[in-house]
Number of protein chains: 2
Amino acid sequence: MVTYEKDFSLKREEPEQAELADVFRAIENEAAEGVSGYYTLPEDSMAIARELEAYAERESDFLKTLETVAVIGIGGSSLGTKAIHAALASKYPESKNMLFLENPDPVSLLAHFDRINRDKTLFIVVSKSGSTIETTSIFKAVIKHFDLDFQGRDIRQIMVVTDEGSPLDRFAAFYSIQRFHIPANVGGRFSVLSSVGIVPLMLAGYDVKTILGGAGHFAKRFFEGKEEHLLRKAYFLTHYREHYPVTVLFSYGDCLEHFSKWFVQLWGESLGKIDEKGSHTGLTPVGHIGSVDQHSFLQLIIEGMRDKTVTFIKIEHFDHDLSIPDISLKYIEKTDYVNTHTFNELIDIECDATRESLMAKNIPVDRIVLDTMSEANIGELIMYYEILTSACGIMMQIDTYDQPGVELGKKILVKKFQSK
Amino acid sequence: MVTYEKDFSLKREEPEQAELADVFRAIENEAAEGVSGYYTLPEDSMAIARELEAYAERESDFLKTLETVAVIGIGGSSLGTKAIHAALASKYPESKNMLFLENPDPVSLLAHFDRINRDKTLFIVVSKSGSTIETTSIFKAVIKHFDLDFQGRDIRQIMVVTDEGSPLDRFAAFYSIQRFHIPANVGGRFSVLSSVGIVPLMLAGYDVKTILGGAGHFAKRFFEGKEEHLLRKAYFLTHYREHYPVTVLFSYGDCLEHFSKWFVQLWGESLGKIDEKGSHTGLTPVGHIGSVDQHSFLQLIIEGMRDKTVTFIKIEHFDHDLSIPDISLKYIEKTDYVNTHTFNELIDIECDATRESLMAKNIPVDRIVLDTMSEANIGELIMYYEILTSACGIMMQIDTYDQPGVELGKKILVKKFQSK
């Protein structure tokens, strides 16, 4: 269960109901017209899950030999998968290792290679365009380093996730490498619930159907019941974006670190745009982890420019817990007030205390409370943030789903290599 | 060697030489009067390094048995150590494992405990105040979980780094646990080159003297030669902070991820302040890693609000390298332009291309180029950023070295526990 508490907008002038209704209808239209296909992924991807189940049955002997699922992908092709993996890993001590070959950093690539047992690894190449330069380069290095015979002997150890008809798709089709497609109208940063995340997570052993169920449940609640708190939050964030251009996500729990990074891409790339009037607009996402970043970023939130909204994410019941022993250390007795409590209590009460200290300073905050870190809850959280992003994009009158700004750098890159 | 390229200020009105000279003198005064003690740590900490060398000789048999150095600390007590460790780890395949017990997250604490070989681990408890609630709680949990007899049998496996006279210091003195002190005038976020970082890094096997040497070399160059580029950068960042309130550090190389986090604390906590006139001021630090975050945050920098400056950090020669094989994959031939080049070239040219694409859009950028990721260079980089922070603080007329904003949350925390 996920609870959404205290939307920002209560603190300021109320949005017109008519305006919220307009945005809601615009989202309905986006979904109905397929402007983005992510809205229906929870149902659409069930077919992939079933296909994978059949595959897993057919290939169960092979799959049993695998220790590691290595995702070769970057950005939208890895961040969401990593986020779900990290969120749930502690619940799956028996799952296969997951490893992400993302950055073209030779030192970390070689360190990853050292950790890979070649014969016990499934390599999944993920690229929406099918020609992402980092991903294809790493794939080539993997082929060479592990002497991977993708035309024969090792064909079962390679899979491809890409758009239908992309260069990578045609490559895989030519060599009969197993392929999964990403719906054309689902952009990278909205694609975690498509084959992009579903294929590696399911093959690693995660209960993907329940993740999709949680996401679908929230989408249904939104479209049937409006989830007005979401629209009001989007209203506040976008109408006051000149006052509060920085959106901080303060998650209490290490397992949410990669969710934070996924959020940063979703938010930054979707909302950082030139709007219909030609103005540069956006909201700058910043992800932090509590309580550790109370010792880092909190001072700035409180005494720095008042340009930040803060959303706290709190996990009520961690999967494992540990007591703070009733040990009184001589001269350090003043810390004994937490003795006999648990670390779960400590981190949660730190979250509450920090939130209250920001509220006392009139900094706009809200909070999302997960009863546990479960498959359904991480699915819901993903769908919640995706719809929130779409709602903000509509209110900001921008194209939420493209990313034209990064093209120039890619062109310069090619030119630089050509002139070498 | 570290090179500092293209300071922002060239793009805007020139600072008065007199103003820069004033700031330089103010920094000289801070150093001379000991307003902050970090300026002289490169020399001061050499004494600790020598003390540790003597200790290592005396206790060489014991130290040989150790596999792991576990730092129990949070914020300024861990971020800098982690930053140096991550930056240099690939050069030290023979060093001891380093492990950081930071966040009071029960799931990750238990996962860390599982990885610890009790008899082969040195636990270093680091807390400037000597009563940080997360740190003392984790220390208690370590004592209980590993049945650690700090009064007798296991006394050699525990060390303490703290301010002289702090509760933790008095505790350690009482039980004759080995202690190292942090200079009273060195705050947590400026303390990495004090015993805070020196003790764990040296015992793990890092060449700490060369790190200190690099830092000292830069400090000397600054105080003797002014390093005007640093002052001009601080001038630009602070004088145009209403235009560019967000400071992005875009580091190309995974080994700099924790350096980024260290920078976020240093910058955010130091500069996020209520200034002399009672105004909220600051610069919001954001750390990203290239090329991976080109696929995440870059679109926002380019098309979003033009409120960001971007500093690129580039490593010219990675410690290890790997070629992109000359493999042409059918249908993906358009990616072949990078074939036979190395990943080192790819990541560096991506850095150059991204920087040029921002410059083409008139986004203020500069670049710091490290010839290699060496001990001296990471030391220099730390000192560079610390002095840059001090220079900004002086120009912003704030107290760079305190953090009053976080006190309210701590008080609320204690109250919440007392009323439970």
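Some ground rules. The model is predicted, so local features need pLDDT of at least 70 and side-chain atom pairs count only at pLDDT 80 or more, while totals for chains, interfaces and linings use all residues. Residues are numbered from 1 along each chain as its sequence is written, and chains are lettered from A and ligands numbered from 1 in the order in which they are written.

Start with chain A. It is divided into domain 1 (2–32 + 211–402) and domain 2 (35–206). Those bounds come from an automatic or database domain assignment. The C-alpha centres of the two domains lie 29 Å apart. How many residues make the contact? Domain 1 gives 26 and domain 2 gives 27. Contact here means that the C-beta atoms of two residues, placed from the backbone, lie within 7 Å.

Now look at the domain 1 side. Helices H1 (17–33), H9 (208–225), H11 (257–271) and H14 (375–396) of chain A each give two or more residues to the side that touches domain 2. Helices are DSSP runs of H or I with at least four residues, strands are runs of E with at least two, and both are numbered from the N terminus. Which element gives the most to this side? H11(A) does, with nine residues. By class, the domain 1 side has 14 nonpolar, five polar and seven charged residues. For the classes, Ala, Val, Leu, Ile, Met, Phe, Trp, Tyr, Cys and Pro are nonpolar, Asp, Glu, Lys and Arg are charged, and the others, Gly among them, are polar.

One residue to look at here is A:Tyr39. It sits in the loop between H1 and helix H2 (41–58) of chain A. Is A:Tyr39 buried or exposed? A:Tyr39 is buried, because 26 other C-beta atoms lie within 10 Å. The cut-offs: buried is 20 or more other C-beta atoms within 10 Å of the residue's own, exposed is 12 or fewer, and partly exposed is in between, with C-beta atoms placed from the backbone. Leaving out residues up to four places away in sequence, A:Tyr39 touches A:Ala31 and A:Ala219. A:Tyr39 and A:Asp402 are 363 residues apart along the chain, and their C-alpha atoms are separated by 17 Å.

Next, the two chains together.

On to helix packing in chain B. Two packed helices are described by the angle between their axes and the distance between the axes. Axes are lines fitted to C-alpha atoms, for helices over the stretch in contact, and angles run from 0 to 180 degrees between N-to-C directions.

Pair one is H4 (residues 79–88) and H8 (residues 195–204) of chain B. They pack at an angle of about 40°, with their axes 9 Å apart. That makes H4(B) oblique to H8(B). Under 35 degrees counts as roughly parallel, over 145 as roughly antiparallel, 65 to 115 as roughly perpendicular, and the rest as oblique. H4(B) passes H8(B) in a right-handed crossing. A crossing is right-handed if the near helix is turned clockwise from the far one by less than a right angle, and left-handed if anticlockwise. From H4(B), B:Gly80, B:Thr81, B:Ile84 and B:His85 meet B:Val196, B:Gly197, B:Pro200 and B:Leu201 of H8(B). The contact has four nonpolar, four polar and no charged residues.

Pair two is H11 (residues 257–271) and H14 (residues 375–396) of chain B. Their axes come within 10 Å and cross at roughly 15°. H11(B) and H14(B) are therefore roughly parallel to each other. This crossing is right-handed. Residues of H11(B) in the contact include B:Phe263 and B:Trp267, and those of H14(B) include B:Tyr385 and B:Met396. The classes here are seven nonpolar, three polar and one charged.

Last, the backbone. A cis peptide bond joins A:Gly290 and A:Ser291, with omega about -5°. A:Ser291 lies in the loop between strand S10 (284–290) and helix H12 (298–303) of chain A. In chain B, a cis peptide bond joins B:Gly290 and B:Ser291, again with omega about -5°.

Two residues other than glycine have positive phi: A:Asp147, near 45°, and B:Ser176, near 60°. A:Asp147 is exposed, with 9 other C-beta atoms within 10 Å. B:Ser176 is exposed, with 10.
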